Amino acid sequence: MVHGFNFPLQIERDDDPTEYIEGYKIYLDEGDVIVTATDGLFDNLYEKEIASAVSNSLQASLKPQDIAEYLAMRAQEVGQSACVRTPFADAAHAAGYVGYTGGKLDDVTVIVSFVQKRSGSNS
């Protein structure tokens, strides 16, 4: 949630955080991969790059933790670049900040999960 470009909603001391809860229902299949991350990942890496990295990692039989570490490291590298094209730079241009280029330094947290059928489950 944001107030405007690069101005995220912040919950203050007397705010009721339950007012900001959003619910989602997502249907998953066995073998799906879930990437949950802070904006530090998505501001610096395009969804196609993330999907490609996950796909290549799966082919190399990497564990979820290894994939998460790679994505976080890559996002940090891109965040330090002053000239690479990034989703954040694209959004800055769309918001009227035409001189902005490069990545965005930010905290990056990434969790990668594999969807597996529960043992003893029929569905």
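**Helix packing, core and salt bridges in a predicted model**

Leaving aside neighbours within four places in sequence, Pro87 is in contact with Phe42, Asp43, Asn44, Leu45 and Tyr46, where contact means heavy atoms within 4.5 Å. The structure is a predicted model, in which local features need pLDDT of at least 70 and side-chain atom pairs count only at pLDDT 80 or more, while totals for chains, interfaces and linings use all residues. Residues are numbered from 1 along each chain as its sequence is written, and side-chain values use heavy atoms, with hydrogens and water left out.

Pro87 belongs to helix 4; helices (H or I, at least four residues) and strands (E, at least two) are DSSP runs numbered from the N terminus. The C-alpha atoms of Pro87 and Tyr46 are separated by 6.0 Å, although the two residues are 41 residues apart along the chain. The buried residues of helix 4 are Pro87, Phe88, Ala89 and Ala92. Here, buried means under 20% relative accessible area, exposed means over 50%, and partly exposed lies in between (1.4 Å probe, protein chains only). The cover over the buried residues of helix 4 includes helix 1. Helix 4 is followed by Gly96, which has a positive phi near 100 degrees.

Packing between helices was examined next. Two packed helices are described by the angle between their axes and the distance between the axes. The axes of helix 2 (residues 47-59) and helix 3 (residues 64-79) come within 10 Å and cross at roughly 145 degrees. For such values, axes are lines fitted to C-alpha atoms, for helices over the stretch in contact, and angles run from 0 to 180 degrees between N-to-C directions. The crossing of helix 2 and helix 3 is right-handed; a crossing has this hand if the near helix is turned clockwise from the far one by less than a right angle, and is left-handed if anticlockwise. On the side of helix 2, the residues that meet helix 3 are Glu49, Ile50, Ala53, Val54, Ser57 and Leu58, and their counterparts in helix 3 are Ile67, Tyr70, Leu71 and Arg74. By class, this contact has seven nonpolar, one polar and two charged residues. In this scheme Ala, Val, Leu, Ile, Met, Phe, Trp, Tyr, Cys and Pro count as nonpolar, Asp, Glu, Lys and Arg as charged, and the others, Gly among them, as polar.

The largest nonpolar core has 14 residues, and those with the most contacts inside it are Leu41, Leu45, Ile50, Leu71, Val108, Val110 and Val112. A nonpolar core is a set of buried Ala, Val, Leu, Ile, Met, Phe, Trp, Tyr and Cys residues joined through side-chain atoms within 4.5 Å. Helix 2, helix 3 and strand 4 each supply at least two residues of this core, and helix 3 gives the most, with six residues. Beyond its neighbours within four places in sequence, Leu71 is in contact with Val35, Leu41, Leu45, Ile50, Ala53, Val54, Val110 and Val112.

Six salt bridges are present in the structure, each defined as a side-chain nitrogen of Lys or Arg within 4 Å of a carboxyl oxygen of Asp or Glu. In one of them, Lys104 pairs with Asp43, and the closest N and O atoms are 3.5 Å apart. Lys104 lies in the loop between helix 4 (87-94) and strand 4 (110-114), and Asp43 in the loop between helix 1 (39-42) and helix 2, so the pair ties together parts that are 61 residues apart in sequence. Lys104 counts as buried because its relative accessibility is 15%, and Asp43 likewise counts as buried at 16%. The side chains of Lys104 and Asp106 also meet in a salt bridge (3.5 Å, N to O), and Asp106 is partly exposed, with a relative accessible area of 23%. Salt bridges that share partners join Asp39, Asp43, Lys104 and Asp106 into one network.

Another salt bridge links Glu77 to Arg74, with the closest N and O atoms 3.6 Å apart. Glu77 and Arg74 are three residues apart in helix 3 and are therefore separated by about one helical turn. Glu77 is partly exposed at 42% relative accessibility, and Arg74 is partly exposed with a relative accessible area of 27%.

Thr36 lies in strand 3 (residues 33-37) and is partly exposed at 45% relative accessibility. With neighbours within four places in sequence left aside, Thr36 is in contact with Thr109, Val110 and Ile111.
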